[in-house]
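Please open the model in a viewer and keep the selection panel at hand.

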Amino acid sequence: MKPATRRESPVGLPANLRRRHWTFPARSRRNKLKRALHDTLERLVGWASLPGDVPVFRADQFPWITDVERQWPAVRRELDAVMEHRRAMPSFQEILPQVGKIQRDDQWKTFFLKGVGMDCRENARRCPHTMQLLATIPGCSTAFFSILSPRKHIPPHRGAWAGVLRLHLGLIVPEPRECCRIRIADEIHTWEEGRCLVFDDTYNHQVWNDTDGYRVVLFVDFARPLRWPVSLFNSWLLNLAALAPFLREANQNQQAAERSFWGRLAQTPADG
């Protein structure tokens, strides 16, 4: 991973790159009040964050990452097996309709292994080594293979909640590597196969794959390490999230997509 040459504190970032900048502004008075409360709680999370409150973190701040990176060849082998049927995989917005706000094509594919309130048992059964790896990540709540097609661009957006951090384990990184990149706040990073990138996705970020190859990462969300009692509040909130209507819908979509994928597998030729 190569950090940008300029690294500012969150306070010094331009307003449109800070955590409080929302991709889609609230319109109604009620939603504006919700956003104000949300922003206040995220400031509290930032204050209580044990690894700090920055857009991108050092891998050595999380001791378990060494073991994750060591196991990456086994994960890559399982990915290679399912990538043969990439065309049959669902696009991200087919699982989580909210993603349709930033993507409308089928060039961002997903293979879910774990999700809040999701039943991914059939996918997980096909990737036992990856599931063992995920079990070593403290507070892992979501995991899937994130597959970007050649020339795919994901526009600027931010994540839903600062109480989770995001990890990308590079699995397939096309060349030239500098043309396959992610901007997080004011920093540009590239992926490296077998290496982890950890960041706070509530900072404005966007992605480019300006190459002729597929970019694939193991996309993981895990609970942010926090001081007590904010950690207790965050755990309660993350457990409660499974009851959210949009995540219940995502679970139904995932189960339907999983049945369709494995049901079509025998009839779908390898993509080549």
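The stops below cover confidence, the nonpolar cores and the salt bridges.

**Confidence**

Begin by colouring the chain by pLDDT; this is a predicted model. The mean pLDDT of the protein chain is 88, and 88% of its residues reach 70 or more. Next, select residues 1–9, where pLDDT stays under 50. The model has 21 contacts beyond four places in sequence for residues 1–9. Where pLDDT is low, the predicted coordinates should not be read in detail.

**Nonpolar cores**

Which residues have the most contacts inside the largest nonpolar core? Select Phe111, Leu134, Ile137, Phe145, Leu167 and Leu218, which hold that position in a core of 36 residues. Strand S5 (residues 164–172) supplies the largest share of this core, five residues. Now centre the view on Leu134: leaving aside residues up to four places away in sequence, Leu134 touches Leu113, Cys140, Ala143, Leu218 and Val220. Apart from this core lies another, of 25 residues; to locate it, select Phe92, Phe112, Val173 and Ile184, which are among its members.

**Salt bridges**

The count of salt bridges comes to 17. Select Arg158 and Glu42, whose side chains meet in one of them, at 3.0 Å from N to O. Arg158 lies in the loop between strand S4 (153–157) and S5, whereas Glu42 lies in helix H1 (residues 29–48), so the pair ties together parts that are 116 residues apart in sequence. Are these two residues, Arg158 and Glu42, buried or exposed? Both are buried.

Move on to Arg166 and Asp221, which form a salt bridge with their closest N and O atoms 2.8 Å apart. Because Arg166 belongs to strand S5 and Asp221 to strand S10 (residues 215–223), this pair ties together parts that are 55 residues apart in sequence. Arg166 counts as buried at 11% relative accessibility, and Asp221 counts as buried at 9%.

Then select helix H2 (residues 65–70), in which Arg70 and Asp67 are three residues apart and thus separated by about one helical turn. The side chains of Arg70 and Asp67 meet in a salt bridge at 2.3 Å, N to O. Here Arg70 is exposed, with a relative accessible area of 60%, while Asp67 counts as partly exposed at 24% relative accessibility.

Technical notes: Residues numbered from 1 in each chain as written. Predicted model: local features only at pLDDT ≥ 70, side-chain atom pairs only at ≥ 80, totals over all residues. Heavy atoms only, no water. pLDDT = per-residue confidence, 0-100. Contact = heavy atoms within 4.5 Å. Core = buried A, V, L, I, M, F, W, Y, C linked by side-chain atoms within 4.5 Å. Buried < 20%, exposed > 50% of the residue type's maximum accessible area, 1.4 Å probe, protein only. Helix = DSSP H or I, 4+ residues; strand = E, 2+ residues; numbered from the N terminus. Salt bridge = Lys/Arg side-chain N within 4 Å of Asp/Glu carboxyl O.
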